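Hi everyone, thanks for coming.

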Amino acid sequence: MEKVAIEGCYTYDTDLLKKLLSSMFQEIDFFPIKNARVLIKPNLLTSRTPEQAVTTHPIIIKAIAELLKDYSCSISVGDSPGFGSTNKVLISSGIMEIIKQLGLNIANFNNNIIKKINGISPYREFLFGDDPDQYDFVINVPKLKTHGMMGMTLGVKNTFGFIHSLEKAKWHLRAGQNRSLFASMLIDIHTIAHPHLTVLDGIVGMDGDGPSSGRPRKLGVLGVSKNAFALDDYIEKLTHLPFPTPINQLAFKHGMIPDYKVAGNNIPSIGEFLLPRSMDTDWSIPRFAKKLLKNVFTKKPKVRGNICKGCGICSKVCPAEALTVSDNKPCFDYSKCIRCYCCQEMCPEGAIKT
Ligand code: SF4
Ligand code: SF4
């Protein structure tokens, strides 16, 4: 039986986190080995400060790295951001400072490694920015957030970061508006990445229009498991989601959510948890109507008020070329738009809503 350890924790304090994590590691039977080569893979979605709760908090990374240093591990930290270079996002997230303080390595995720799988999606190979197989341990460190297309981004979704930045748009385009197809691809990528440990940063998470324009929320959740499907399943229950996310639904269908037991002395209770507006109608209408009227019922991205600065990032990340910016104003072609919400995710001003 798999184990999930959850603790209530309301502050980013290195000593407190080291103490909690070291007992949680024991609880789930995770024991680092001496001199291991370790990759820590946070959520480095895009350039934001730790207070914005878009990226994994640097103190969690520090606590994990200091625990591993006791075992003389060689530690690399990296991810492939949705926009911007790994280095740039490491700096804004505050993680670069930890890398320098502790003498860690940077994994730039700018390689082209073909990984093959015969999994649950129709796709048989993926181009990875870094090879998980070159490490003794891969430690997946997601942020607990809502997600416009997938409902939530937790442990399984976080490994999409293994895909090379430039390739991410292609996968969005292939899946189009089919959330289940996109979820199947995310599950296959997670299976290839096979992290040995997932540490969820939900101390301050995000609800509402996540993963970048929602509300930072002090949720007090620190979660650890060797199995991200089990951890994600429990977090969906803890946040009282009215329906399973597409990833969880598919994982359940394919028997990928193992039996698990939850350990924890101080499990936080989460009150109201807002979902992204993009999920409002999409989940409440009957399946047949959803299929027929997808374009009508799936929320359209729109520009909010006059917050837009005309930077053009939304147009650069749009996989469907459905968005142009002229005279500093974004203009959507909804006949091409696949409702992936990448424009909303990457807008640095939070100017796009659904
Ligand atoms: S909507 Fe956001 S990303 Fe797009 S041009 Fe305006 S500020 Fe930039
Ligand atoms: S306009 Fe936005 S939601 Fe539509 S396809 Fe482009 S990035 Fe995705």
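Let me start with a question: leaving aside its neighbours within four places in sequence, which residues is I187 in contact with? The list is G119, I120, V156, I247, L250 and A251. For us, two residues are in contact if their C-beta atoms, placed from the backbone, lie within 7 Å.

Before going on, some housekeeping. This is a predicted model, where local features need pLDDT of at least 70, side-chain atom pairs count only at pLDDT 80 or more, and totals for chains, interfaces and linings use all residues. Residues are numbered from 1 along each chain as its sequence is written, while chains are lettered from A and ligands numbered from 1 in the order in which they are written.

Okay, back to I187. You'll find I187 in helix α7. Helices here are DSSP runs of H or I with at least four residues, strands are runs of E with at least two, and both are numbered from the N terminus. I187 counts as buried because it has 22 C-beta neighbours inside 10 Å. The cut-offs are these: 20 or more other C-beta atoms within 10 Å of a residue's own is buried, 12 or fewer is exposed, and in between is partly exposed, with C-beta atoms placed from the backbone. Also, the C-alpha atoms of I187 and T159 are 8.9 Å apart, although 28 residues separate them along the chain.

Is I192 buried or partly exposed? It's partly exposed, because 18 other C-beta atoms lie within 10 Å. Not counting residues up to four places away in sequence, I192 touches K115, I117 and F126. Its C-alpha is 9.4 Å from that of G119, 73 residues away along the chain.

Next up, α9, residues 246-253. Its buried residues are P246, I247, N248, L250 and A251. They pack against β9 (151-153), α5 (155-158), α7 (179-193) and α8 (228-238). Just after α9, G255 has a positive phi of about 65°.

So how do we talk about helix pairs? Two packed helices are described by the angle between their axes and the distance between the axes. The axes are lines fitted to C-alpha atoms, for helices over the stretch in contact, and angles run from 0 to 180 degrees between N-to-C directions. For α7 and α9, the angle is about 70° and the axes are 9 Å apart. That means α7 is roughly perpendicular to α9. On wording: under 35 degrees is roughly parallel, over 145 roughly antiparallel, 65 to 115 roughly perpendicular, and the rest oblique. On the α7 side, the contact is made by R179, S180, A183, S184, L186 and I187, and on the α9 side by P246, I247, L250 and A251.

Compare another pair, α2 (residues 58-69) and α4 (residues 95-102). Their axes come within 9 Å and cross at roughly 20°. That makes α2 roughly parallel to α4. In α2, P58, I61, K62, A65, E66 and K69 meet I95, E97, I98 and L102 of α4.

Last stop, the ligands. Ligand 1 is surrounded by 14 residues, with C308, C311, I313, C314 and C347 the closest. Around ligand 2 there are 13 residues, and C318, A320, C337, C340 and C343 come nearest. Being near means that a residue's C-beta atom, placed from the backbone, lies within 6 Å of the molecule or strand.
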